[in-house]
Amino acid sequence: MATPQEIFKALSAIPSYSGATILPNSTSSTLNIQVSYSQRDLERNVRRKYTRTVVASVAEKSIPLILNGPSVDIGDAIAQLSSPSGQLSVTLRSVAGEKKKHFVEIWSDGSILHLLETTALHDDFYADSTFGTLEWSKDETKIVYVAERKKTEDAVEKFNYKPDWGETFTGKREPALVVVNLDNFEVKVLDRFDADMSPGQAIFSHDSKSLIFTGYHRNPQFFGIVYCQNRITGLYQVKLDGSGLKHMTPDLKSARSPRLSADGSTLVFLSNTINGPHASCAKLHKIDLTSGKVSTVIDIVRKPEVASGFPGLYIDQLPRDTWVSPNKIFVTSTHRSRKTLLSIDVHSGSIEELTPPSQYPGSITVLFANTKWVLTTYSTPTEPWILILGRIEFEKNNIDLRVKFFSLENSKVEKAKAFYQPHSWSIVKSIPGQLDSLEAIFIEPFKSNTSAQVTSAVSGVKPPLVIFPHGGPHGGFAAEFSVLNLVLVGLGFAVANVNFTGSLGFGQDSVEALVGRVGELDVSECLAVRDHIMSTGVVDLERTVVTGGSHGGFLTAHLLAKDPTGFKAGVLRNPVTDIPAMASVTDIGDWCYAVNGIPFDMEAPPTATISDPEVFKRLRAASPMQHVEKVTAPSLLLIGAGDRRVPPSQGFSWWQARQNQIKKTQSHGVNRIQVFEGTGHALDSVEAESNSAYSLGNFLVEFTRVDHPSVSAGQEEAVVGRQGEGGRGAFI
């Protein structure tokens, strides 16, 4: 019988891919592939980053011969990039100490050619997907990156309030473009742009004389940016000295992720509808750089023509290397409950799915593409990530293409196999009486081994069921490898990842169908998934639990109140519990309005939030706090102390309300809470991720295992749990 700690530790030994590229020094017969990985170090509570060179012999069209080089820990390197010729590479490095120092390193032939300290010029580098930048000019004489502008030391100005960019960007307020000139080793931080615009995602123009970048606007109000594709953005061009700023997309209020074709003639980019849902169906646009004309390549898809048809694009950022020909790009997009690889013709707008579900039922993510090759990762809920190389072959017309895929490498962590190989998965769809936009990824433990189920942590002949809705609410689960899912499955639970209406990948109509119905439609659909799975007879009808984070925590709280006797226990991670109370303290106050169908204009936000009593009533009515007194099942809250998205006060208030109700009714109910310092909304520090998984698993086992002992009422006091602390309580 495995414990959550044993399962998590074994699965954490499997590295995940963070990037891959085919190096410029590759030949027609041999590919030199640099692969980047990350892996949890549970002893040091850090996520380790390392690289490895994979050599693939591709002279024959059969399966390539693969040679793996040694792994190299990149330590305090923030970002690395080879030059177009492969003769040089650049590393951005931040070195901790009494005072953090920043360096730009230029490497050649395995040694440092130039070392430039930039500590006095700027603060931290940006390496995220929103602002992060590291690019070479085509002539290899210049480099551009993004870093935090140096804070003023003026005795008065340094105390002026300037908001940061919210969740995951705490303390980061002013990203700035930085240009390095290798002719004279000048490092220039470009001046601020008009209207307090923040730059990111910069690339060089084809002639290397200017920069093209995404400008993020924050006037009159700052809004959190991460996970939010509905913000006001535009594409801009500026000379290398920061002069001559030009707005390239003046007729669009949303434009991001610029990617320039190899010949410099065409720029593609993404846009989303501003205001409203934070994530939605995206448009793909292009700019003819000769004429400056902006046109739409792929428009919003309201509803697929058939259930399996193209549902539109759901992409946060385009791949850095996306062009495979002058007219085609490769992208990854969500398609219902999968991530799939698409080929898009930017001239005709035609779309081809390269990884159909019949061959690739799991999820695939493109990491790199050029005119001959594509690198992707692929996984399923019960198979860890593998690295795939695709050979691109164009037909005689140089328009049509086909791709032949080869597996380059897969997980060799033997001790982890026992925690994913025995399990099975499927996508539950076409639930009677429900919308077509409702699906669930269902993972069954030990399907062919009844004895393993009986001897699992939860015991019993049939597994208990975990209902697990996602956050967002306009997000979604994909059929891919998840350590948290497999911790639960390894304990003997069946897990249903619920993609309720409003999830991405089902068409824009589905996204909008949830607006104004949160706490109602999504709740009823979670119950429908539960009832449908129970009707199949594969799970124990008496042992159902629920868990979720963010909006999933919101739904967990609602479900515990909606069906007080239908769930044996619930675990809420950073849950939204009281929407009007959240509106003025979250970094995304507009969300509170948007999901409830109340207009909120980011260009002209209200002077005071929740000032209208009717608005307050509407937001409160949708909140789980409205019904907290109905909750009787044992509950556990897991809170990130640094959460900017759903402030800890949301979880604290719900927990306190339950405490008050328990005392009032003298019910001796179970109501625990754990707080993790040094982490935010995603609970993604290694310490928080691991310990919250242990607590979640142990808590659900405690209230579902068949041999659950009876406990006297005197022992049943509500407790405030601490990291690693157990506890026991009777279900009343």
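In the hairpin of strand 29 and strand 30, with six residues between the strands, asparagine 398 takes a positive phi near 60 degrees. This is a predicted model, in which local features need pLDDT of at least 70, side-chain atom pairs count only at pLDDT 80 or more, and totals for chains, interfaces and linings use all residues. Residues are numbered from 1 along each chain as its sequence is written, and side-chain values use heavy atoms, with hydrogens and water left out. Strands (E, at least two residues) are DSSP runs numbered from the N terminus, and two strands pair if DSSP finds at least two bridges between them.

**Strand 29 and its partners**

- Strand 29 (residues 383–394) is mostly covered, with ten of its twelve residues buried; buried means under 20% relative accessible area (1.4 Å probe, protein chains only).
- Strand 28 (residues 373–380) runs antiparallel to strand 29 and is joined to it by seven bridges.
- These two strands form a hairpin with two residues between them, and tyrosine 378 stands opposite isoleucine 386 in strand 29.
- Strand 30 (residues 401–409) is also antiparallel to strand 29, through eight bridges; valine 403 in strand 30 is the bridge partner of isoleucine 392.

- An open sheet of four strands has the order 23-24-25-26, with antiparallel pairing.
- Strand 23 (323–325) and strand 26 (351–353) are the edge strands, each pairing on one side only.
- The twist averages 40 degrees from one strand to the next, where axes are lines fitted to C-alpha atoms and angles run from 0 to 180 degrees between N-to-C directions.
- Eight bridges join strand 24 (residues 328–335) to the antiparallel strand 25 (residues 338–345), and lysine 328 stands opposite aspartate 345 in strand 25.

Conventions. Buried means under 20% relative accessible area, exposed over 50%, partly exposed in between (1.4 Å probe, protein chains only).
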